[in-house]
Amino acid sequence: MQTGTQKGLAPVKCKIDAAASRFTVQAFATGLLSAFGHNPTIAIRDYDAEIQFSPDTIENASVRVTVRTSAMEVVDEMKNDDRKKLEQAMYDQVLEPNRFPTAVYQSNQITVQKDSADQWRVHVTGELSFHGVTQSLALDARVAYMGTMMRIAGQFPLRQSDYGIKPVSFAGGALKLKDELKFSFEMVARPQE
C-alpha cells in the first residue's frame, strides 16, 4: 500500500479482516441490584467492513460497515444459564434479528490529522441504520499503516433509546442495563485484490 503523493492513482479498497479484528459492545448495569450484576461485554461476530480511499490521502476516504445482528454473544465469565438468559433477552428485546437482520454504518465525511508518517487521527461522521431507525453518528479513531495493512482503533457511545430500543431489565427491574452502550473496535484492514 502506498502512502506517497502520487496523483491519478485508482482508489484503494481495503476489507476488514474480522478474524484478526475485535469489535465489542459494553453494556452497564444499573438498578437496585447493580452492585451484584455484570457490565456485560458483547462480541460482534459477523460483520463486513470496507474502506475506500485515494492512495495519496485518506482525507477522501469512505467507510461502510454491515453487522448481522443475529451473531452477537456475551463473552463475560458468568454462569452458562445466566449467559443464555441475557443473550435471549438481547435477541428478543433489543436486536430483534428477524425484523432487523442488519445494522449499517455509512460514512459521509472523514477528516484527518496526521500524527506521523504512518499514523493518523481520524474523525468520521456518517449515518447508522439500526433497528429500523437512521441517525447521525460520529466517531474518532486512530489509523496506523503497518506494511500492507492498516490497524484502526477507536470507540463510540450509542444510546439505545435513539433507535427506539428500551434497555433490557432483569429480576423484575431490580437489575437493568443503562441506555448508553460503549462500542470499541480494533480492526485490521487489508487491500482487496
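Author: Buried means under 20% relative accessible area, exposed over 50%, and partly exposed in between, with a 1.4 Å probe and protein chains only. The model is predicted, so local features need pLDDT of at least 70, side-chain atom pairs need 80 or more, and totals for chains, interfaces and linings use all residues. Residues are numbered from 1 along each chain as its sequence is written, and side-chain values use heavy atoms, without hydrogens or water.

Reader: How much of the protein chain do buried residues make up?

Author: They make up 42% of its 193 residues.

Reader: How do I read a ring pair?

Author: A pair of aromatic rings is described by the distance of the centres and the angle of the planes. Rings of Phe, Tyr and Trp (its six-membered ring) pair if their centres lie within 6.5 Å; planes under 30 degrees apart are stacked, over 60 edge-to-face, the rest tilted. This structure holds eight aromatic pairs. Phe23 and Tyr47 have ring centres 5.4 Å apart and planes at 85°, so they are edge-to-face. Phe23 sits in strand S2 (residues 22–26) and Tyr47 in strand S5 (residues 47–54), so the pair ties together parts 24 residues apart in sequence. Now take Phe156 and Phe183: centres 4.9 Å apart, planes at 10°, so this pair is stacked. This pair, too, links distant parts of the chain, with Phe156 in strand S11 (residues 149–159) and Phe183 in strand S14 (residues 180–191), 27 residues apart.

Reader: Are Phe156 and Phe183 buried or exposed?

Author: Phe156 is buried, at 8% relative accessible area. Phe183 is buried as well, at 12%. Ring pairs join Phe23, Tyr47, Phe156, Phe183 and Phe185 into a cluster.

Reader: Which residues have the most contacts inside the largest nonpolar core?

Author: Ile51, Met150 and Ile152, in a core of 51 residues. Helix H1 (residues 80–95) gives the most to this core, with six residues. A nonpolar core is a set of buried Ala, Val, Leu, Ile, Met, Phe, Trp, Tyr and Cys residues joined through side-chain atoms within 4.5 Å. Contact means heavy atoms within 4.5 Å. Beyond its neighbours within four places in sequence, Ile152 is in contact with residues including Ile16, Ile51, Phe185 and Met187.

Reader: How much space lies in the largest cavity?

Author: About 780 Å³. On a 1 Å grid over the protein atoms alone, a cavity is a set of points where a 1.4 Å probe fits but cannot get out; lining residues have an atom within 4 Å of a point. The structure holds one cavity of 30 Å³ or more. Of its 45 lining residues, the closest to the centre are Phe23, Val65, Phe156, Phe183 and Phe185. The lining divides into 43 nonpolar, two polar and no charged residues.

Reader: What should I look for in backbone angles?

Author: Most residues other than glycine have a negative phi. Glu96 has a positive one, near 45°, and lies in the loop between H1 and strand S8 (102–116). His131 also has a positive phi, near 60°. His131 is in the loop between strand S9 (119–130) and strand S10 (133–146), and counts as buried at 11% relative accessibility.

Conventions
Helix = DSSP H or I, 4+ residues; strand = E, 2+ residues; numbered from the N terminus. 1 Å grid on protein atoms, 1.4 Å probe; cavity = no way out; pocket = protein on both sides within 12 Å on 5 of 7 lines; lining within 4 Å. Points joined across faces, edges and corners; volume = space filled by probe spheres on them. Nonpolar A, V, L, I, M, F, W, Y, C, P; charged D, E, K, R; others polar.
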